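Trainee: I would like to learn how to read the features of a model. Please take me through one.

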Amino acid sequence: MTDLKICLVSSEVAPLAKTGGLADVAAGLGRYLKTAGHDVRIFMPFYDRQSYDDVTFESLGEAQDVRVDHFGDSGFTFSVKLTVLPGSDVPIYCVVCPELFDREELYGSYSDEHVRFGLLNRAVLETCQRLGWAPDVFHCNDWHTGLLPLYLKTHYGWDQLFRESKTMLTIHNIGYQGTFSTDALKDLGLDEHANLFYQEDYREGFVNFLKTGLIYSDWLTTVSDTYAREIQTEEFGMGLEEILQRRAGALTGIVNGVDYEDWSPETDPLINHNYSADDLSGKAKNKADLIEVFHLDVPMDAPLIGCVSRLTGQKGFELLLDILPVLLRQENMGFLILGSGEEKYEQYFQWLRDAFPTKVGVYKGYNNELAHKIEAGADVFLMPSRYEPCGLNQMYSLRYGTVPVVRGTGGLADTVVRFDPATGVGTGFVFQDFDVDQLHAEMRRCLQTWKDQGAWSHLIQNGMRQDFSWEKQGLLYEQLYRSLATVQQ
Ligand code: ADP
Ligand code: GLC
């Protein structure tokens, strides 16, 4: 079969720049496509402040000091640096424009956020032109890349190079849409095309990058089947449900893959003791290490509950506020959280640690190594999300023998099966409604099952056998690209 040319555009790619799961997915899918023999090229911004240890870049001769006029106040100049995804030969084209990308944070409430990511889209197309490279599919991800399909039809509509190119947009999180005032159109060089934006919004004074992408992409995907259905409803669609209903025939749900090269307890270089489903002794040692590092006084026969997350409303922490103190008071258990985000949650977890200093450990911040250590050393992983397009940590947890307790929404519903002690079927604990009592009851079921170590080992073994590899999930993307592309089959 003919190889595909895929241009994967993402605002973050692990390990170069990461704030969440999108970075892992861009890297994992990129690696899979390359291994499958395709010409995949990843485009992302060059964030000067990210640490790029051990990664070498070379300047891309074809794209140096490229001028994009009619953009921002007085135009921008960008260059492209080329590298490869560590541990692979996947090329990554980093768009260098320090004025726009050299910031404290990858994303922020910067007044020129629209210009930053608008330029990323333009730079991708400008670079492809200069390389004479016509992708079969431009695979865009989230709002940051939402304008690419429109730019392709407008500014680059004349270029025969792209006449067969198709566009696909993956929604990783509908909670972030890139909504700006209509003044943004001038900065984006799109004021002459105002009529192409969603007119109801335009009349109300704003434009929406994600919505624009949903309208102009040839195909849409999101990161689980359940989320694909959910976002067509008012409860989850965040205002985009009607458009998604209209485009339902061109919307596919594909659960994210897991990069088991990075996330396997047998080989993970970031954990102290490697282990496998056949010999879990290393897992117990990792747990003992965590207890020591966090100065906890939790016996080894008590469950250690872990959580690694952005601390935002999406992740369902509201449900934990009242329950955790009750459980910590009544149960012999420990609780560890790694994360940062909204101040009210950060403060809550600090308070919780002060209230239960021997049972609770808190690490405020971002720490990849600790994320791996918690996956390996915890017994239970908590994800009570309000909504969860896919979620990666529950899949990592399954592989690490760390039993997930999740709300049955989005990708959590598609990847965790509620354990039934009577039949021995299932991989975790699942509650349905965003409801404190339901979470409480499911946590109690979990803690009850822990007391039956025979059932618990069975549950762990079920989880460790699950396979969400990119070899399986990437194939689904490949099929979709093929059906979109006009390549010879
Ligand atoms: P989301 O993308 O919504 O944040 P996912 O579950 O898809 O949720 O992916 C989160 C990813 O980010 C996982 O790889 C997780 O380990 C990582 N992560 C989240 N918070 C932290 C943190 N504070 N430190 C290290 N890794 C984190
Ligand atoms: C988003 C979602 C998460 C998903 C990730 C990667 O940030 O919140 O559920 O796993 O993107 O697709």
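Mentor: Start with Ile6. Beyond its neighbours within four places in sequence, Ile6 is in contact (heavy atoms within 4.5 Å) with Leu33, Asp39, Val40, Arg41, Trp133, Val137, His139 and Tyr481. This is a predicted model, where local features need pLDDT of at least 70, side-chain atom pairs count only at pLDDT 80 or more, and totals for chains, interfaces and linings use all residues. Residues are numbered from 1 along each chain as its sequence is written, chains are lettered from A and ligands numbered from 1 in the order in which they are written, and side-chain values use heavy atoms, leaving out hydrogens and water.

Trainee: Is Ile6 buried or exposed?

Mentor: Buried means under 20% relative accessible area, exposed over 50%, partly exposed in between (1.4 Å probe, protein chains only). Ile6 has 0%, so Ile6 is buried.

Trainee: Which domains does the chain have?

Mentor: Domain bounds come from an automatic or database domain assignment. Here it gives domain 1 (5-257 + 470-484) and domain 2 (281-464). Their centres, taken over C-alpha atoms, are 33 Å apart.

Trainee: How many residues of domain 1 and domain 2 are in contact?

Mentor: 20 residues of domain 1 are in contact with 17 residues of domain 2.

Trainee: How many salt bridges cross the interface of domain 1 and domain 2?

Mentor: A salt bridge is a side-chain nitrogen of Lys or Arg within 4 Å of a carboxyl oxygen of Asp or Glu. Across the interface of domain 1 and domain 2, the rule finds 0.
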